[in-house]
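Please look at the protein below and follow this short report. It takes a few selected places in turn.

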Amino acid sequence: MQPYNNEKKTTKELSLVCAAAGKCGGCNRLNVPYAEQLKEKRKLVARLLRPYCALEGIIPMEDSRFYRNKVHAVFDRDRRGNVIAGTYEKNSHRVVPVESCLIEDEKAQAIIRTIRDLSKSFKIKIYDEDTGYGLLRHVLVRCGHRSGQYMVVLVLASPILPDKNHFLKALLKEHPQITTVVVNVNDRRTSMILGTKEQVIYGKGYIEDTLCGKTFRISPGSFYQVNPVQTEKLYQKALEYAGFHGNERIVDAYCGIGTIGIVAADHVREVIGVELNADAVRDARINARRNNIRNISFYENDAGKLLTQMAEQNAKVDAVIMDPPRTGSDEAFLGSVAKIAPEKIIYISCNPETLARDLQYLVKQGYRARKACAVDMFPQTSEHVETCVLITKSGEA
Ligand code: SAH
């Protein structure tokens, strides 16, 4: 297949490419040539980093379509009563039906269409956000890019899926790639997708995927990067910047299911991972064992709290890799890192605004950003770009 060509299009031409264009709030750069999108992101990151260091460049995605390994659909009925699966219209709770999407994994999309059709034949009641009646609220599909495994999460308002076995049989017949199905119960009137209760109704309750030669297990609620092709490039850049010699003791902060730390573990003496989400920490520990990594330990804690404790105990750390959420890090964490005073900090950020704010703080603590590189993890969107920065103590070159 030819890569999608983002030549400038009229609104009508655009609607032929994507029926939800302009309504779903997702790909707000569908109409902008890819080279131009890269330029925009590069400019944005370079501007925010200007006071600190130069930007080496932005690593593009070769084929910028169908990259999302996590696909979410909200279920609703249209005015005629037909079941629709789609996405919330930007800043509203109106559901825009999405028949197909240019950036989501194609098989995952097909699974969602099948569930939509099966919900009619199985007479599954669709949840109504206004009244709070009905059963099926959302479907989440996650897939392993390399493993080819698919996980389906049915988000229901109550735990019982009527005629469950026949439903599963029909779904698996259509999509034998599905390796696990989980019912997640969300009985609250909330805009959060997942509830807290879960029941595995088929398979193991998680999928596995391979990144940088290591295998990772991913549970329904654990964070996992949505663009695995670009994630490998990002992690390689982080390791290149870190330039480990083999004897370092490092921290992988905001470590999710342990991906970066486990990939780095072969190159250092010891890794300490810290993560707030309990499911992710459980996955991280299992992932370490699964990959035969023995020099890593994980702490379920707030990264700022753990680093504060480590600073109080005068812990010795050679490098900190940090990958906080969009809100960035905090003073408890950054101040403790400065006290521990590692030689290097590798900051991986999904939000250049908070990255710049945190850099300002680190500079005041005696650190200096040396080089940075952006990675386009989210083609066709304007606001999402990852950046990797090498930061060292300001006295050193
Ligand atoms: N490094 C991982 C995950 C990055 S996403 C990867 O590349 O896949 C950011 C992670 O930070 C999420 O897993 C989130 O649960 C976690 N997190 C958010 N706030 C945190 C905090 N205060 N302390 C520790 N972890 C936190």
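Is Q380 buried or exposed? Q380 counts as buried because its relative accessibility is 0%, and buried means under 20%. Keep in mind that this is a predicted model.

## Two residues with positive phi

Q380 lies in the loop between β16 (367-375) and β17 (386-393). Its phi is positive, about 80°, although Q380 is not a glycine. Most residues other than glycine have a negative phi.

D163 also has a positive phi, near 55°, and it is a residue other than glycine. Look for D163 in the loop between β6 (150-156) and α4 (164-174). Is D163 buried, partly exposed or exposed? D163 has 43% relative accessibility, so it counts as partly exposed.

## A buried serine in a loop

S219 sits in the loop that runs between β10 (214-218) and α5 (228-242). Its relative accessibility is 3%, so S219 counts as buried.

Which side chain does the side chain of S219 meet in a polar contact? The partner is the side chain of R282, at 3.2 Å. Now set aside the neighbours of S219 within four places in sequence. S219 is then in contact with R142, M151, G205, Y206, R282 and D283.

Next, find helix α9 (residues 331-340) and helix α10 (residues 352-364). Their axes come within 10 Å and cross at roughly 35°. The crossing of α9 past α10 is right-handed.

Which residues make this contact? From α9 come E331, L334 and G335. From α10 come D358, Y361 and L362. Sorted by class, the contact of α9 with α10 has three nonpolar residues, one polar residue and two charged residues.

## Cysteines without disulfides

A disulfide is a covalent bond between the sulfur atoms of two cysteines. How many disulfides does the structure hold? The number is zero. C255 is in no disulfide, and the nearest cysteine sulfur, that of C350, is 15 Å away. C255 has 6% relative accessibility, so it counts as buried.

The cut-off for a disulfide is sulfur atoms within 2.5 Å. C373 has a relative accessible area of 4%, so C373 is buried.

Terms used:
Residues numbered from 1 in each chain as written. Predicted model: local features only at pLDDT ≥ 70, side-chain atom pairs only at ≥ 80, totals over all residues. Heavy atoms only, no water. Helix = DSSP H or I, 4+ residues; strand = E, 2+ residues; numbered from the N terminus. Buried < 20%, exposed > 50% of the residue type's maximum accessible area, 1.4 Å probe, protein only. Polar contact = N/O pair within 3.5 Å; in protein donor to acceptor, adjacent residues only side chain to side chain. Contact = heavy atoms within 4.5 Å. Axes fitted to C-alpha atoms, helices over the stretch in contact; angles between N-to-C directions. Left-handed = near helix turned anticlockwise from the far one by under 90°. Nonpolar A, V, L, I, M, F, W, Y, C, P; charged D, E, K, R; others polar.
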